[in-house]
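Subject: Structure handover

Hello,

Here is the structure I said I would pass on. My notes on strands, aromatic rings and salt bridges follow below it.

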Amino acid sequence: MSKREIPIAAIERNRTWIDAVTGSLSKCGNPEIARKTMREAGKNCAAQLLEKTVSHFGKTPESVQELVEAINKRRKDLLNTTNFWTIQDNQAHFKLDKCGCDLVEANLAEPNKTFCHCSAGMFENLFKPFCKGAVNTEIVKAIGMGDDCCEFIVHYDE
């Protein structure tokens with residue numbers, strides 16, 4: 001597959017659109033609608049991340065422990081990072097020194113408090129297939145909320 005060039009105008013149009021959507025959600029007057037919308041949007045990112053993780057790991061994980069092992073293996077092998085998921089009791093913990101969103105990294109979006117809920121939704125949906133009960137992501141810190149790092153705790157019933 002050949003690499004496709006994306007015109008600068010298209011990149012700017014998408015950047016403007018993303019900013020408008022997240023800005024509108026943050027100003028809609030109902031924080032719960034913004035939270036639910038962005039967490040729902042994270043589902044697609046979760047599916048893509050799981051697909052990449054399974055491909056690199058060589059098999060579909062069968063538990064939360066194996067999911068975290070697979071994610072951390074991919075992070076180490078392909079992303080050459082030192083930030084890894086940890087598990088304690090029924091909580092998975094993840095801390096990043098910079099925003100980990102692909103859209104932010106590609107300069108298509110700026111971190112903001114509304115956008116951070118997309119990451120929370122992504123983590124919930126990433127863990128859900130490996131859990132029997134509820135999965136809930138706590139945003140401990142987020143660069144988009146003015147913090148110096150991003151930190152999440154995924155609470156789950158396995």
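Two strands are taken to pair if DSSP finds at least two bridges between them. Helices (H or I, at least four residues) and strands (E, at least two) are DSSP runs, numbered from the N terminus. This is a predicted model, in which local features need pLDDT of at least 70 and side-chain atom pairs count only at pLDDT 80 or more, while totals for chains, interfaces and linings use all residues. Residues are numbered from 1 along each chain as its sequence is written, and side-chain values use heavy atoms, with hydrogens and water left out.

Strands

Strand β4 (residues 150-156) pairs with β2 (residues 91-96) in the antiparallel sense over 6 bridges. In that pairing, Ala92 stands opposite Val154 of β4. Strand β3 (residues 135-141) also pairs with β4, again antiparallel and over 6 bridges; here Lys141 has Glu151 as its bridge partner. Of the 7 residues of β4, 6 are buried, so the strand is largely enclosed by the rest of the structure. Buried means under 20% relative accessible area, exposed over 50%, and partly exposed in between (1.4 Å probe, protein chains only).

Aromatic rings

Rings of Phe, Tyr and Trp (its six-membered ring) pair if their centres lie within 6.5 Å; planes under 30 degrees apart count as stacked, over 60 as edge-to-face and the rest as tilted. The count by this rule is 6 aromatic pairs. One of them, Trp85 with Phe94, is stacked, at 4.7 Å centre to centre and 5° between the planes. Trp85 is buried at 5% relative accessibility, and Phe94 is buried at 4%. Trp85 and Phe127 form a tilted pair, because their centres are 5.2 Å apart and their planes at 55°. That pair links distant parts of the chain: Trp85 lies in the loop between α3 (64-77) and β1 (86-88), and Phe127 in helix α5 (residues 116-127), 42 residues apart. Ring pairs link Trp85, Phe94, Phe123, Phe127, Phe152 and Tyr156 into a cluster.

Salt bridges

A salt bridge here is a side-chain nitrogen of Lys or Arg within 4 Å of a carboxyl oxygen of Asp or Glu. The whole structure has 8 of them. In one, Glu110 meets Arg15 with the closest N and O atoms 2.8 Å apart. Glu110 sits in the loop between α4 (102-105) and α5, and Arg15 in helix α1 (residues 8-26), 95 residues apart. Glu110 is partly exposed at 38% relative accessibility, whereas Arg15 is buried at 16%. Lys141 forms a salt bridge with Asp148 (4.0 Å, N to O); Lys141 is partly exposed at 30% and Asp148 exposed at 62%.

Regards
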